[in-house]
Amino acid sequence: MSDQKMTGDVYYPSPEIVQSAHIPDFDAVHAEATADLPGFWGKIASADFEWYKPWRKVLDDSNAPFYKWFVDAKVNIVHNALDRHMRTATRNKAALIFEGEKGDTRTYTYQQLNHEVCKFASVIRSMGVSKGDRVTIYMGRIPELMIAMLACAKVGAMHSVVYGGFSTEALLSRIDDSDSKLLITCDGAWLRGKIIKLKDIANGAVDRAGTIQNVICVKRTGHEVEMVPGRDHWYHDLMALPIASADAETEVMDAEDPLFILYTSGTTGRPKAILHTHGGYMVGSATTLKWVFDIKPEDVWWCAADPGWITGHSYIVYSPLVNGATSFMYEGAPTFPYPDRWWKMVEKYKITILYTAPTAIRGLMRFGESWPNRYDLSSLRLLGSVGEPINPEAWKWYHRVIGAEKCPIMDTWWQTETGNFMITPLPSVPLKPGSATRGFPGVQIDVVDEEGDPVAANEEGFLVIKSPWPAMMRTLYQDPDRYVDVYWSRFSEQGWYLPGDSAKKDEDGYIWVIGRIDDVIKVSGYRLGTAEIESALVSHPAVAESAVIGVPDEVRGNIIKAYCILNAGATASESLAEELKAHVGTEMGPIAKPSMIELVDSLPKTRSGKIMRRVLRAQTMGQDVGDLSTLAD
């Protein structure tokens, strides 16, 4: 593509950035990957990673869509994240720098982090956790969360991390679904100066879960918590015992052995358990981080996500360590106690790359430029965006105010299911505010109509991925039929993966992601299923039926609006609406609380009884409601 012919608002990288990038020529590498996909990934996997035993075949597509990568190879992601660094000077480099919301700090070198992971791996092994077992982790954003995840992977157990903002019910359902035998939690977490009482929430779930044998609790906030004798154990007590051996061996895994499951919201109410494996996930996530954010040995990388989401799994815990990078982790909220907290830490720790969500950027924009302008942000050389499409105004503010118009913004589109960045620029390519640019090398992206034909330039259609990639999820845990139905059935003849987003492609081939085509709402970058929220509302005795939609919001991307039909005998009132909001918060967690609840007499439905949420959405937005031919009334 000729840069001179590019349309629209275009930001070009400096010659210095292009020359120093890992991949200076995007088009050449993309062409190489397209010409020979297995050869492309095989070459990278050989050059950048260590394997206990090499693969027989890079890609096995004989049972598509159940693809296998690096077939018969033996590996463990922890060997590449920690073990191999013990033989080099990287062992003395900072792996993780942590700052708590209250200002406490900790730094772990690679050697120190490995020491802690080995000890904790020995502890959970002594509790009977071994290859193939499931362990649920429910914690705040602290180093022990990373240590717990790595220890599980080291012994070959699958971790299932549940975001520390979810409620008892949400935690219980995920423990039950995964049949976890161990829960790792903490007494609490600090957020906006208050304690989130995680152990209390965990107790409510474990008391009703049939499979949990032991609970390990990290002391973080120090407040009084209930510890059940025989079941609950303090992390610091266990780590002081002789069983906490620093000589723990790393389990040799098959490349296709499960690494973790992670629950993501679906449209049918029941969250989907996405399963990722050691080999392909390692190669995909580490390569995308290295190329997209141009990771260099001197970088201090800050992915400001929560490890409880896929962004944290891939780009806080695993791929920075595999790349031998230094990561920064912050426990609390970006605006506490003042809206300068992030900028103060960028200056203090000389952060070179900041990767965050449009929600956070928009939230900080509200406080103006004076807060960031007080600090020296000149250490920053790259910025990133994740979680939802970033609006051009926020992109330009981020670029101008935070990046001093010198830091390219890597606007990434991907999913829990994809494991790594899928549509993304590299630092060497021209950028358009609001577009995630093009597919990563080897990722074949297109925008098509109902029949699967490419749509015209700037026309909305289905976003599709036309070829497999190493970090792709392998299945839904214990539910292969649902995996095929949700992701592969829509364009089964073509063999394409359907992410569930609509998009446009412009004249230059740049992709502009628009939003979900299903009933999943993104609030502050978190995916919440409408059916899950509706189920929570209907569980209240006053509610007969409900429908939930996302309404665009300048700060959070979307807010939740709910419509409820009341049971006979229930009286509509403002106090009831507030009670229903609180009820959803209790059932699902504060992130899922509706901002607005409208108590109504009826809902628009098809003749088969399906609620037409698009009609509600159009009415709320003052838009044309479109075709109503299938409406029952």
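## Reading sheets, helices and loops

Tutor: Let's start with a pair of strands: 3 bridges link strand 16 (residues 300-303) to strand 18 (residues 353-356), and the pairing is parallel. Helices (H or I, at least four residues) and strands (E, at least two) are DSSP runs, numbered from the N terminus. Two strands count as paired if DSSP finds at least two bridges between them. The model is predicted, so local features need pLDDT of at least 70 and side-chain atom pairs count only at pLDDT 80 or more, while totals for chains, interfaces and linings use all residues. Residues are numbered from 1 along each chain as its sequence is written, and side-chain values use heavy atoms, with hydrogens and water left out.

Student: Is Cys-303 buried or exposed?

Tutor: The general idea is a cut-off on relative accessible area: buried is under 20%, exposed is over 50%, and partly exposed is in between (1.4 Å probe, protein chains only). Cys-303 has 4%, so it is buried. Beyond its neighbours within four places in sequence, Cys-303 is in contact (heavy atoms within 4.5 Å) with Thr-311, Tyr-315, Ile-316, Phe-328 and Tyr-355.

Student: In what order do the 7 strands of the open sheet run?

Tutor: The order is 5-4-17-16-18-19-20, with mixed pairing. Strand 5 (105-109) and strand 20 (409-411) have a single partner strand each, so one side of each edge strand lacks a neighbour in the sheet. From one strand to the next, the twist averages 15°. For such angles, axes are lines fitted to C-alpha atoms, for helices over the stretch in contact, and the angles run from 0 to 180 degrees between N-to-C directions.

Student: Which helix lies across strand 5?

Tutor: Helix 6 (residues 143-155) does, and strand 4 (94-99) and strand 17 (326-330) lie under its course as well. Helix 6 runs at about 30° to strand 5.

Student: How do the 4 strands of the other open sheet pair?

Tutor: The pairing is antiparallel, in the order 21-22-24-25. Strand 21 (445-448) and strand 25 (511-516) are the edges, pairing on one side only, and here the twist averages 45° from one strand to the next. Strand 21 is joined to strand 22 (residues 461-465) by 4 bridges, with Ile-445 partnered by Ile-465.

Student: What covers the faces of strand 7 (residues 158-161), buried or exposed residues?

Tutor: Both faces are covered: Met-158 and Ser-160 are buried on one side, His-159 and Val-161 on the other. Strand 7 is in parallel pairing with strand 6 (residues 134-138) over 4 bridges, where His-159 is the bridge partner of Val-135.

Student: How do I read the angle at which helix 10 and helix 11 cross?

Tutor: Under 35 degrees is roughly parallel, over 145 roughly antiparallel, 65 to 115 roughly perpendicular, and the rest oblique. The axes of helix 10 (residues 278-292) and helix 11 (residues 310-322) cross at roughly 90° and come within 9 Å, so the two helices are roughly perpendicular. Residues making the contact include Tyr-281 and Leu-289 of helix 10 and Tyr-315 and Tyr-318 of helix 11.

Student: What is the length of helix 5?

Tutor: The expected span is 1.5 Å times one less than the number of residues. Helix 5 (residues 110-126) has 17 residues and spans 24 Å from first to last C-alpha, close to the 24 Å expected. Its buried residues include Tyr-110, Leu-113, Val-117 and Phe-120. After helix 5 comes Gly-128, with a positive phi near 90°.

Student: Where does a cis peptide bond join two residues?

Tutor: One joins Phe-336 and Pro-337, with omega about -5°; Pro-337 sits in the loop between strand 17 and helix 12 (341-349). Another runs from Ala-64 to Pro-65, with omega near 10°, and Pro-65 is in the loop between strand 1 (57-60) and strand 2 (68-71).

Student: Which value does phi of Thr-437 take?

Tutor: Phi is positive there, near 70°, in a residue other than glycine. Thr-437 lies in the loop between strand 20 and strand 21 and is buried, at 2% relative accessibility. Gln-478 also has a positive phi, near 60°, but Gln-478 is exposed, at 56%.
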